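The entries follow in the order in which I looked things up.

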Amino acid sequence: MADALFAISSYIDAGGNVLWAILIVAVALWTLILERYWYHWRVFPQEFAALRAQWENTTLTDIWLARKIQQMDVARLRHQLGGSVFLIRTLIAMCPLLGLLGTVVGMIQVFEVLEFSGTGNPRAIASGVSMATIPTMSGLVVALSGLFFSIDLARASEHKARKAADVLSQTLAKIPGLHCHVTGR
Amino acid sequence: MTNALVRHSTAFGCASLVALGLFWMMTSMVNRDAGNLNAERQRMVMNFIRIDDVPPPIPERKRKPPKPPEQEPLPQLEAVSTPAPQMNAPRTPQMNLSRPHFSPNLAMAGLPTMASGMMAYSQPLTPVSQVPPMYPRRALMDGTTGWVKLAFVITEDGNVRDVRVIEASPRRGIFDHEASRALSRWKFHPQKIDGHTVAAHATITINFNLER
């Protein structure tokens, strides 16, 4: 463990300060992703069950009013499901750009080294080159790691919201005095 | 609300682990062989240097003194009169040219020359050793004759230096170079004053004649 931490810290040293930003972004990104999955797996079923029970025992008699209130509930549910998906996407888009920033910083360092020592010192240039390439790789890796889950989350939240709307709309059928066709949403 | 807070903080903890794992993965991607290198470094290396206990003593060699070469009396050789070799060498084609003849005009010696601090050479200007100048090839072909008057300095050890052409005939300088080259190799008796040798000025005229 300590070995791995040491390796990571030396890696960050080699890559320059931008790697710290990428690390922070990675932590934030994965915090949001894990929080979303937690919500989808644990919290959302409870909330949905509570909402469904509430609607099955509804005392509303006006079908129009009931449908409007249900629309509001579904919208709130959708919002909660979607949550920070947009923020996740933003962070994923930021990662390669941060990597690019690190690359540019590293290239500037390479040029400074060239200015001092000329082209005859490949060892001095090498540190700048690794500083230029490592952030790009890190940004790409972090973005790639998050990309699949962000799309999966967006898809799942939309899917669950539609399903919830469907299920809830069926509870409206038990309301007496329903004469018209029941639609979802 | 507290529920969401717990959720976020737990997720944050897990996310830190995930991010560290990602970075560790990147590290291992970059230094793929680092572990192998360390293992390579720590592996025992067999040492194949053979160390003998005691080197055997080097036997001393006795050197025999070389025998003195035997002095054999040289055999007395009979004097035999050898006949003169009859040479049948092919006659090389020869140019029908006259022999170059040089006669340094020694009458010019001893003339007072330059008025610098150096004294003039007072002895008869007879060279100790003399390098004959080559007759220039063009002059030989054209049949040109002439003379060169040279001023020079006889140094303390009898050498010649500072050779200058004063006058020459013909003026085109056909003989100048050859004359000064030859003269600079000549040797003279150095000028002596009270037992000391000093440098002295002298002038010489070298004639280039073609013998008929």
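I took contact to mean heavy atoms within 4.5 Å, and helices (H or I, at least four residues) and strands (E, at least two) to be DSSP runs numbered from the N terminus. The model is predicted, so local features need pLDDT of at least 70 and side-chain atom pairs count only at pLDDT 80 or more, while totals for chains, interfaces and linings use all residues. Residues are numbered from 1 along each chain as its sequence is written, chains are lettered from A and ligands numbered from 1 in the order written, and side-chain values use heavy atoms, with hydrogens and water left out.

Entry one, the helix pair. I found that A:Gln70, A:Val74, A:Leu77, A:Arg78, A:Leu81 and A:Gly82 of helix 3 in chain A meet residues of helix 5 in chain A, among them A:Ser157, A:Ala161, A:Leu168 and A:Thr171.

For the geometry, I noted that the axes of helix 3 (residues 63-82) and helix 5 (residues 122-171) of chain A come within 9 Å and cross at roughly 160°. That makes helix 3 of chain A roughly antiparallel to helix 5 of chain A (angles over 145 degrees count as such).

Entry two, chain B. I counted four helices and nine strands in chain B, which along the sequence follow the pattern α-α-β-β-β-α-β-β-α-β-β-β-β. Of contacts in chain B between residues at least 6 apart in sequence, 79% join residues at least 24 apart.

Key:
Axes fitted to C-alpha atoms, helices over the stretch in contact; angles between N-to-C directions. Parallel < 35°, antiparallel > 145°, perpendicular 65-115°, else oblique.
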